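Biologist: Please take a close look at one part of this model, the stretch near the start of the chain. Which residues and elements meet there, and how?

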Amino acid sequence: MADKPTPMMQQYLALKREAGDALLFYRMGDFFELFFEDAKIASQVLDIALTTRGEHGGEPVPMCGVPVHSAEGYLARLIKGGCRVAIAEQTETPDEAKERAKREGKPVSKALVARDIVRLVTAGTLTEEALLEPRRANLLVAIAPVRDGIGIAACDISTGRMELEDCAPDRIDAALARLGASEIVAPEDWDEAAEGIIARPRHNFRSEDGEARLKNIHGLATLDGLGDFSRPMLAAAAGLVAYLDHAGRGKLPFLLPPVARGSDAHLAMDAATRSSLEILAAQNGGREGSLIACLDRCATGAGARQLAEDLSAPLADLGTVEARLASVQHFHADPLLRADLRAVLRQAPDIGRALGRLVAGRGSPRDLGQIRDGLAEARRVRDMLGASADLPPLLSGMIDALGGHAALVDHLARALVPSPPTERSQGGFIASGYDHALDALRETSGNARKAIAALEAKYREETDTASLKIKHNKVLGYFIEVPAKHGDKLMAQDSGFTHRQTMAGAVRFNSVGLHEEASRIAEAGAHALAAEEAHFEELVGEVFAAREAIAATAAALARIDVCAALAERAVEGNWSRPEMLDEPCLEIIGGRHPVVEQALAKTGERFVANDCTLGPDDRLWLIGGPNMGGKSTFLRQNALIILLAQAGSFVPATSARIGLADRLFSRVGASDNLARGRSTFMVEMVETAAILSQATDRSFVILDEVGRGTSTYDGMALAWAVVEAVHEQLACRCLFATHYHELSRLAETCDALSLHHVRAREWKGDLVLLHELAKGAADRSYGLSVAKLAGLPKPVIKRAKAVLDKLEKGREQTGGLAAGLGDLPLFAVTAQAEEEQCDALRDAIEALDVDALSPREALEELYRLKAEAAKSAN
């Protein structure tokens, strides 16, 4: 029979069952301990020692622990390692546990301190400053499939911002790629859930519950004033709030009223496009080398988070794009205002996240200080903007949001010390002069300490012991200590000292006078701490009452920071304001790739600018030329210029006239997706299929080397068909780079297609890449010259040239790969012909009166239809 677990282990196992798949941080004194499998996982992720403690089931219990005072750092590493953590705190003191044991008639010596899980720490529910990246939002997303639609609720609980949206099932991947959530929850019965999505009970995702919870949270009788929320949106909101309630153990974080996001309000981009354009992360997963790293000149973390959101979801509405551009233009045209304002913003704390911590009950005196200082800086920003002439509507509309906090700022300024601490347990954050009673308690405590110093001097003189000292520790409190050789003198019955402890080289005593002074210190100190705690709660209550107004101020500061930062970047890079139009055009003069240009500038090299002019009669460019010549860079830079313009930024070009795009597609480069069993070619075909099925005539598409991942004939056939489909069916603006020279013949049949190439020259046997775009088809691909540049051995280059000569002679004799393709009807014509043939057979079948046919007549009719089908196929 197995040994019965100890009471402590029974308590731990019960809490572990409650924690589920989360690692359990079990509080034991000054440490959080982990046991069993949790300890093994944590020791590997944290690289800390794994030990054992006692036995369970006849086996040693694996164990590891982290100090409570430094737990945040360990939590951050566990969260980054993909773990979730349940925090089990002691909910009573050892003395309270003993008192409870007495009341229950249990042995006091075996009293076990009560513990409970107070919080679930997950990637999407972080609020601690040490666990969050200052320049990146931390989103929790809930997905709710309802009938033919999907509701999405997204929330950053560090600032309280919450958005709800509808999404078609075929666009959910693109929506999730845009959001970049740290954590996603969905119903447990959703079959489409990807790996890593947290499954929650289906009953948590009821739309009626979502509506009721939102009304209750925001104290509303109806949600009509907040927006038009669909049933899928409310179902997702229900799942989100239920998960937050579960993670907070019944305590919800700061949540602002939800905002409905329109499905067509933003430029749509799928995950493949975001990855290839390296918007928020480079191909290696890091920030360095990404668009945002090149663009970000924000003075605040909140501004950087807003910029990341703008780049993730560029606008698709002309009016809102122009409003942002006008604000950037205002700062661009006034360098003195821009410099002064950015200097003020650099001093502004992150009041959005400070507010989130305070409202969630995880705030500190330092957070109150940040609210005070941030709101004061907001008032300075307001004064600066108010004094600026001809403010554009977006900036003038923010002036009111920046003010209105004078009374709160004044109160916090009077109540708090200039630099409040991060911990409130030791006090010291309420300013002198704010509370006279608190000042008196502090004076009493301070005088008592002076009295102890005087008492020490008095006892030294009375006992004639110069080495006598009055010390303090947590166990004994204040005590008198003398070396052991002087101990007997104080041991005398009439000495007035009471023996407390004998050490190896010292003896410790107490006295009536010392006890009185110690009691005065303890009492005054406890009362002072209680007074400061009461003031803290009062101040937090005032902040809570103004939480929505403070959040609006934080949002206004972030938007102003972004506008000023984009103006700074435009001046720095000599960027221009784009002219935005509501028609499908693209006229970019002297366009550059912002990231590549910045990288070249560091080495002293110059980026070669190129023009791109697409219109209704010339909307598809077929671009040839050698590898390394700049084709892919040209494709990407034009996609990025559209993205930047619709995000509200100036663009790296001499000038730009840009028609709003509804969707942006990029099929540039691919790598094997081994985890999903897809080769490079399969990834390419999946992405190309998505473009052909989802793009519209208002989209912008860049395609690079479609068909290169298979045989030459298959690849060229696919590339040919894709170009025709883009031209005839999608009729959108498109840049198509290819090495298939044969595709140039499409210019003869596709009216809106034009030929271009990146220029290169051979000089004394070496290839010179000019990185310039020119009209006309490329004369050849320069493949062997590029291979020579790459360092292929000379014998290999020589052999390849011999093979190439042979192949080219064969091509001249046979007409090449594209022989006969000029006689093919266009894509649309062949598709129509196939449909007509199919319709002829359908009409013949529908004309049959099956009930009137004899068996022999039916058989003859079947043979006739079969022959007709065979004739159509040939």
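Modeller: Two residues are in contact when heavy atoms of theirs come within 4.5 Å of each other. This is a predicted model, in which local features need pLDDT of at least 70 and side-chain atom pairs count only at pLDDT 80 or more, while totals for chains, interfaces and linings use all residues. Residues are numbered from 1 along each chain as its sequence is written, and side-chain values use heavy atoms, with hydrogens and water left out.

Start with Lys-16, which sits in helix 1, residues 7-19 (helices are DSSP runs of H or I with at least four residues, numbered from the N terminus). Apart from neighbours within four places in sequence, Lys-16 touches Ala-22, Leu-23, Leu-24 and Asp-38. With Asp-38, the side chains form a polar contact at 2.9 Å. That term means a pair of N or O atoms within 3.5 Å; within protein, one must be able to donate a hydrogen and the other to accept it, and residues adjacent in sequence count only if both atoms are side-chain atoms.

Next come helix 2 (residues 36-46) and helix 3 (residues 71-80), whose axes come within 10 Å and cross at roughly 95 degrees. Axes are lines fitted to C-alpha atoms, for helices over the stretch in contact, and angles run from 0 to 180 degrees between N-to-C directions. Helix 2 and helix 3 are therefore roughly perpendicular (65 to 115 degrees; under 35 is roughly parallel, over 145 roughly antiparallel, the rest oblique). Helix 2 brings Ala-42, Val-45 and Leu-46 to this contact, and helix 3 brings Tyr-74, Arg-77 and Leu-78. By class, five of these residues are nonpolar, none is polar and one is charged. Here Ala, Val, Leu, Ile, Met, Phe, Trp, Tyr, Cys and Pro count as nonpolar, Asp, Glu, Lys and Arg as charged, and the others, Gly among them, as polar.

Key:
Helices (H or I, at least four residues) and strands (E, at least two) are DSSP runs, numbered from the N terminus.
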